[in-house]
Structures are given as structure tokens and as C-alpha cells.
Amino acid sequence: MLSPMADVWAVGEAYEAYVGRWSGPVARRFLRLLDVPVGRRWLDVGCGTGALTAAVLEAGEPVEVVGVDPSEGFLATAKHRVPRASFQVGDARSLPLPDRSFDAVVSGLALNFVPDPVRALAECARVATPGAVVAAYVWDYAEGMAITRFFWDAATELDPAASALHEGRRFPLCRPEPLRRLWAGAGLAEVRVDAVDVPASFRDFDDYWRPFLGGQGPAPSYTASLPEDGRRALRDLLRTRLPTHSDGSIRLTARAWAVRGVTPA
């Protein structure tokens, strides 16, 4: 029987090839929902490789953007990608920042990986100014994140124990109502949850499959744990299941849930 393995998030290039390539489009659509005025101070919690940080600089016209992440490997990629921002190594549950410092505190595709999201959100609210926007988005692993849903459906058919590793089962937070309750429970006002959909297209099957061999995240970590014949069987089953067009391309959808609230004035 498989036990949940530790998620690996350390190599920026491998993450970008896996799901990082969809992070930019989701980040830009997320920011349009927030309607934060220009000239504000932003904090990106769990900034990873810097997709959301870069989007803030492009669209938000901030006076300052700070990114915090526990992975030095991801931060190395973020610093190269977004040299205008500043970055710090830090844990979302204990942000290395003073109270009431930022006008917008955001987090992209990270909150579900924090062991204590209640504490992390309390920290986000602590460093936010009165009336600040506090917002995040997470992948809809249970339904709308087709990239991983096809993978885990095939993996579970071959290995029923793999169902315990499916992000849709592991991360019940990644649904509208749990997110809404989390934000309301933190004392945030004007809470709303929106779906953010982006197309996820692949040139061919290899373009879809190769990132699962990179070892970054739950599905690639599971793939790496398999013996060669197990990986081959999973690859071959996926090839028959994915909706492939006549030119060999595969066109899926990546959905995230975005939640937004405002700190009390």
C-alpha cells in the first residue's frame, strides 16, 4: 500500500515544464479579478518561480513587490525571471515581515501545500494594511485541472493505491466552499470565489508526458517512484485516454479557483 510521499518543489526548470507554463496565464486572469489600484505595495506568498510576481509587475504598476518562498531553488529562478522584485526565503506560516506592510497580499498555486493554511492566512492578514486585498488561487484538482486528472485516473486504474496520492483527494481545500469558509473564518470581508480557466495545449503526446518525468510535484514524484515497466504501462494507457486531434495535438483546460477578501478597515 502506498503512503503519501513528500512533494518535491525545488527545481524551477522542471516545474516550469510541468505546470509552470500555465501559471502565467492564470496569474494574469487572477489579477484582473482583484482590481487593486496602481502604486501599491504587494506581497506574493509562496511565490515559487515568480509567475504571479511577474504578472503583478506587468499589470499592477506597484511601488514594491516582495516574494517569499521556502524553496531556494525556485527563488533562484524567480530572481532571474523578475529582477525588479525582491525575494526572501520564508515560510507562509511565519512570514519574515512586519505587520501592516502591504496593500495587496496574494498567493498563487501554493496555499494547499502549506501544512497549516489557517495559520498561513492569518499571517497574510497580519502583514496586510487595513482595507487591503488578500487573495489566492489554487488548481481545481478534483474537476477542472484536466492535466493531472487524466494522469491520476490512469494511474489509479493500474495501481488502485495511487488514488491516495491524487491531489483532488489530498487537497479538499481546493474547492469553492472550503476556500470561502477559510477566508471568512480569518475575518476577511467581501469574500468571493471565482473560477479561472485557461487553455492547456500540447504539441503532441510527448509534450504532455515528458514533464511527468521531471520529479517536481505529486504526479511526477509518483512517476519517478515506479519501476520502468510501471512507467511504460502508465504512459501507454495515457496515450489511449487523452483527447488527441488529427495533428497529434492535445487540448485540455486548466482551471483554478480564485478567492478574494478584504481586511477590516
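How do the residues of the lining of the second largest pocket divide into nonpolar, polar and charged? The legends below take up this question first and then turn to other close-up views of the model, which is a predicted one.

**View 1. The second largest pocket and the residues that line it.** In this predicted model, the lining of the second largest pocket divides into seven nonpolar residues, one polar residue and three charged residues. The residues concerned are Arg 28, Leu 31, Arg 32, Leu 34, Asp 35, Val 36, Pro 37, Val 38, Trp 42, Ala 59 and Gly 60, and the space that lies in this pocket comes to about 150 Å³. Helix α2, which runs over residues 23-34, gives the most to this lining, with four residues.

**View 2. The largest pocket and the residues nearest its centre.** About 690 Å³ of space lies in the largest pocket, and its lining is made up of 47 residues, among which Gly 46, Asp 69, Leu 109, Ala 110 and Phe 113 lie nearest the centre. When the residues of this lining are divided by kind, 33 are nonpolar, ten are polar and four are charged.

**View 3. The helices and strands that contribute to the largest pocket.** At least two residues of the lining are supplied by each of the helices α1 (12-18), α3 (51-59) and α5 (117-126), and likewise by each of the strands β1 (41-45), β2 (64-69), β4 (102-108) and β5 (128-139). Of these elements, β5 gives the most to the lining of the largest pocket, with five residues.

**View 4. Helix α11, residues 228-241, and its buried residues.** This helix has 14 residues and reaches 20 Å from its first C-alpha to its last, which is close to the 20 Å expected at 1.5 Å a residue. Its buried residues are Gly 230, Leu 234, Leu 237 and Leu 238. The elements against which the buried residues of α11 pack are α6 (146-158), α9 (205-209) and α10 (218-225).

**View 5. Helix α4, residues 72-81, with its buried and exposed residues.** The buried residues of α4 are Phe 74, Leu 75, Thr 77 and Ala 78. These residues sit on the same side of α4 because the arc that they cover around the axis is only 160°. On the other side of α4, by contrast, Glu 72 and His 80 are exposed.

Key:
Residues are numbered from 1 along each chain as its sequence is written. This is a predicted model: local features need pLDDT of at least 70, side-chain atom pairs count only at pLDDT 80 or more; totals for chains, interfaces and linings use all residues. Side-chain values use heavy atoms; hydrogens and water are left out. On a 1 Å grid over the protein atoms alone, a cavity is a set of points where a 1.4 Å probe fits but cannot get out, and a pocket is an open set with protein on both sides within 12 Å along at least five of seven lines; lining residues have an atom within 4 Å of a point. Grid points are joined across faces, edges and corners, and a volume is the space filled by probe spheres set on the points. Ala, Val, Leu, Ile, Met, Phe, Trp, Tyr, Cys and Pro count as nonpolar, Asp, Glu, Lys and Arg as charged, and the others, Gly among them, as polar. The expected span of a helix is 1.5 Å times one less than its number of residues. Buried means under 20% relative accessible area, exposed over 50%, partly exposed in between (1.4 Å probe, protein chains only). Contact means heavy atoms within 4.5 Å. The arc is that of the directions from the helix axis to the C-beta atoms.
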